[in-house]
Number of protein chains: 2
Amino acid sequence: MTDDAKQKFPPIVQTPRNTVQRLSRRASYDRDVINAILDDAYVAVISAMVEGTVRAQPIYYWRSGDELFVHGSRHNALFEALLKGEEACLTVALLDGLVMARSAFHHSMNYRSVVVYARARAVTDEKEKMAALKHSVDRLSPGRSAEVRKPSEAELRGTLVLAFPISEASAKARSGGPVDDPEDYGLPVWAGVIPCKIAFDEGVEDPNTQPPI
Amino acid sequence: MTDDAKQKFPPIVQTPRNTVQRLSRRASYDRDVINAILDDAYVAVISAMVEGTVRAQPIYYWRSGDELFVHGSRHNALFEALLKGEEACLTVALLDGLVMARSAFHHSMNYRSVVVYARARAVTDEKEKMAALKHSVDRLSPGRSAEVRKPSEAELRGTLVLAFPISEASAKARSGGPVDDPEDYGLPVWAGVIPCKIAFDEGVEDPNTQPPI
């Protein structure tokens, strides 16, 4: 686990593949910009070749330093492919608003997204693995890993933790209002942005005192 | 454009690839279940082989009948690959809550997700294309396509509309509270669910009377 403030990470590597072609003014290869987006979302989609076809899976992730982490069961075909060296493409997208223009054509979305190309590193060192799993819980509620029961030996063994370097990566974002053609601004139709975000409600306490059947 | 109520669609096709292996009790191959999830989200991730590697892109989509639709520019490497016949894997994920368990291991997420494997069909028929684009706008606000300026000939030509059959597809979802080991229920730690959802705010009207510079 790395404290961003204390450590300098190498710059994002720009390759033809992670260079945004369309609307490139919306793109960024700045590590801080990429990190800020990654730290605001919870679910990434991992895509990779599995048994001859492209497969994808949404998954909880967290960031630490210059790596993305995911965890899960060992019995997962996608994880198995990644462990064998298949490259992953990780995608994170946050919807920030619906952009309502005066013309059908110029309707759009405000969003922040990140794409990372990377091969997975299995976190096998026991200390590092425990620290990563702590981080995965503390991200949901700071300090929580100290309050809950820690992973047992068997749970640790059964949990696969994968780390992906955030290096060949890019961010793409749109913000602001609609951009219409000049001659459309006079049309008598409401235009603007309907903002949206992931909103959390009050927690609902579990009333169970035994596992539900 | 098809009215679900008036038309019967064939059942979802279950193949080894779209059969959920892990936690299969959370899976569904019911078209209504799949449709309900698809109709609740706005952004899908399209994954496909592009120039020899797996690439992925978040994108606005909408559903009509038994197809998913996306639109965009013709100058998009992913779209070009799909038009050449590369298979797509489309993923939609909605986060419904953070599941806080009494043990680190049993922390989880409530979610609804859909994965669709499909090849794209380019919508080239002008009438069908116009109807699809209307749908894309009306989905944001019912009836809006009749209020805004319709696509010009040039805009229509420049916009690619792709349709993906929802056939080899699956849904996976988790709901409800944490499920801890029996001996952990007595631990003095808050356990439950922190619900979340995409929340829309009041619209913010665009004050511009000309395109911003």
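**Reading the terms against the values**

The buried residues of helix H1(A) are covered by elements of chain A that include strand S3 (53-64), strand S4 (67-73), strand S5 (88-100), strand S6 (108-118) and strand S9 (168-174). The model is a predicted one, and the values below are computed from it.

Q: Which residues of helix H1 of chain A are buried, and why are they said to line one face of the helix?
A: Helix H1(A) spans residues 31-38, and its buried residues are A:Ile34, A:Ile37 and A:Leu38. Seen down the axis of H1(A), these buried residues fall within an arc of 100°, so they line one face of the helix. An α-helix has 3.6 residues a turn, so residues three or four places apart point the same way.

Q: What puts the buried residues of helix H1 of chain B on the same side of that helix?
A: In helix H1(B), residues 31-38, the buried residues are B:Ile34, B:Ile37 and B:Leu38. They cover an arc of only 100° around the axis, which puts them on the same side of H1(B). The buried residues of H1(B) pack against S3, S4, strand S5 (88-100), strand S6 (108-118) and strand S9 (168-174) of chain B.

Q: How do you know which strands pair with S9 of chain A, and in what sense?
A: Pairing requires at least two bridges between two strands. Strand S1(A), residues 27-28, and S9(A) have 2 bridges and run in the antiparallel sense, with A:Ala27 standing opposite A:Lys172. S6(A) and S9(A) are joined over 7 bridges, also in the antiparallel sense, and A:Val115 has A:Ser170 as its bridge partner in S9(A).

Q: Which residues take a positive phi in the hairpins of S3 of chain B?
A: The hairpin of S2(B) and S3(B) has 2 residues between the strands, and in it B:Glu51 takes a positive phi near 50°. The hairpin of S3(B) and S4(B) likewise has 2 residues between its strands, and there B:Gly65 takes a positive phi near 60°.

Q: Which members of the largest nonpolar core touch the most other members?
A: That core has 114 residues, and those touching the most other members are A:Leu90, A:Val116, A:Leu162, B:Leu90, B:Val116 and B:Leu162. Leaving aside residues up to four places away in sequence, B:Val116 touches B:Leu68, B:Leu90, B:Phe164, B:Ile166 and B:Ala169.

Q: Why does B:Ala146 count as exposed?
A: The cut-off for an exposed residue is 12 or fewer C-beta neighbours, and B:Ala146, with 11 inside 10 Å, therefore counts as exposed. B:Ala146 is found in the loop between helix H3 (126-138) and helix H4 (153-158) of chain B. Its C-alpha atom is separated by 8.3 Å from that of B:Lys134, which lies 12 residues apart from B:Ala146 along the chain.

Q: Why are the two copies described as related by a two-fold rotation axis?
A: Chain A is superposed on chain B by a rotation of 180° with 0.0 Å of shift along the axis, at an RMSD of 0.0 Å. The two copies are thus related as by a two-fold rotation axis. Of the residues of chain A, A:Ile198 comes closest to that axis, at 2.3 Å for its C-alpha.

Q: How do you know that the copies meet through the same surface?
A: Of the interface residues of chain A, 100% are also interface residues in chain B, so the copies meet through the same surface. The contact takes 76 residues from chain A and 76 residues from chain B. On the side of chain A that touches chain B, S10(A) gives the largest share, 9 residues, and by class this side has 43 nonpolar, 18 polar and 15 charged residues.

Q: What makes S10 of chain A and S10 of chain B a pair of strands?
A: At least two bridges are needed for a pair, and S10(A) and S10(B), residues 192-200, have 5 bridges in the antiparallel sense. In S10(B), B:Lys197 is the bridge partner of A:Ala199.

Conventions: Residues numbered from 1 in each chain as written. Chains lettered and ligands numbered in written order. Predicted model: local features only at pLDDT ≥ 70, side-chain atom pairs only at ≥ 80, totals over all residues. Least-squares fit on C-alpha atoms with pLDDT ≥ 70 in both. Contact = placed C-beta atoms within 7 Å. Helix = DSSP H or I, 4+ residues; strand = E, 2+ residues; numbered from the N terminus. Core = buried A, V, L, I, M, F, W, Y, C linked by C-beta atoms within 7 Å. Buried ≥ 20, exposed ≤ 12 C-beta atoms within 10 Å, placed from the backbone. Arc of directions from axis to C-beta. Nonpolar A, V, L, I, M, F, W, Y, C, P; charged D, E, K, R; others polar.
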